[in-house]
Amino acid sequence: MNKSTLLVIAILVFGVGSAAPQDIRYDFDKAKDFSKYTTYKWVPIKGADQLDDLTTKQLTAAVDAELATKGLSKADSDAADLYIGFQTALGTEKQFTSYSTGWGYGSGWGARWYGGGMSSSSTYGSTSTVYVGQLDLSIYDSKDKQLAWRGAASKTLDPKAKPEKKEKNISKAVAKLLKNYPPKRE
């Protein structure tokens, strides 16, 4: 991926618009006992595109804060119970919008009063590009190096979002993403 594409991802990641609700998905290893995990360490995911430093700090701070509410502590040691890494992606979709215009009497009023109605309308359409960002958070058991939990959040992005809005939306996305961590035992 070229540098300009990475810059666009860095600017847009979770600068969320209001067009659609967030899509949150997660999965986990049902054989894992999540109650035994108390510490975690951030690790890079090999081959993943990197964000700019500012967005990375905002994202990791949001995850750190959310995990702290769940009783997990961040560690710098490789002896941490969990390794956590993230990836982001940016995609585009085309959105079609149509609207009609009309003039004249229309079909009800004119027909009753004048014995017939007169109307004319035109339908116009336009397309626009909608940016969709995705955050993938992967949590690995450090002892067996196996994926224990994985969640993904995707949402339409607003390229004009202010920094404060972007940071707020990152925090909201992370809170929704980690709502189901640790998973409930059935």
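How many bridges join strand β2 to strand β3?

Tutor: Strand β2 (residues 39-42) and strand β3 (residues 73-74) are joined by 2 bridges and run parallel. Two strands pair here if DSSP finds at least two bridges between them. Thr39 has Ser73 of β3 as its bridge partner. Between β2 and β3 the chain passes through helix α2 (residues 53-68), a right-handed β-α-β crossover. Right-handed means that, with the strands pointing away from the viewer, the path from the first strand over the helix to the second runs clockwise. Helices (H or I, at least four residues) and strands (E, at least two) are DSSP runs, numbered from the N terminus.

This is a predicted model: local features need pLDDT of at least 70, side-chain atom pairs count only at pLDDT 80 or more, and totals for chains, interfaces and linings use all residues. Residues are numbered from 1 along each chain as its sequence is written, and side-chain values use heavy atoms, with hydrogens and water left out.

Now another strand. Phe96 sits in β4 (residues 82-104). Its relative accessible area is 57%, so Phe96 is exposed. Buried means under 20% relative accessible area, exposed over 50%, partly exposed in between (1.4 Å probe, protein chains only). Beyond its neighbours within four places in sequence, Phe96 is in contact (heavy atoms within 4.5 Å) with Gly125, Ser126 and Thr127. Thr127 is 31 residues from Phe96 in sequence, yet 4.5 Å away in space, C-alpha to C-alpha.
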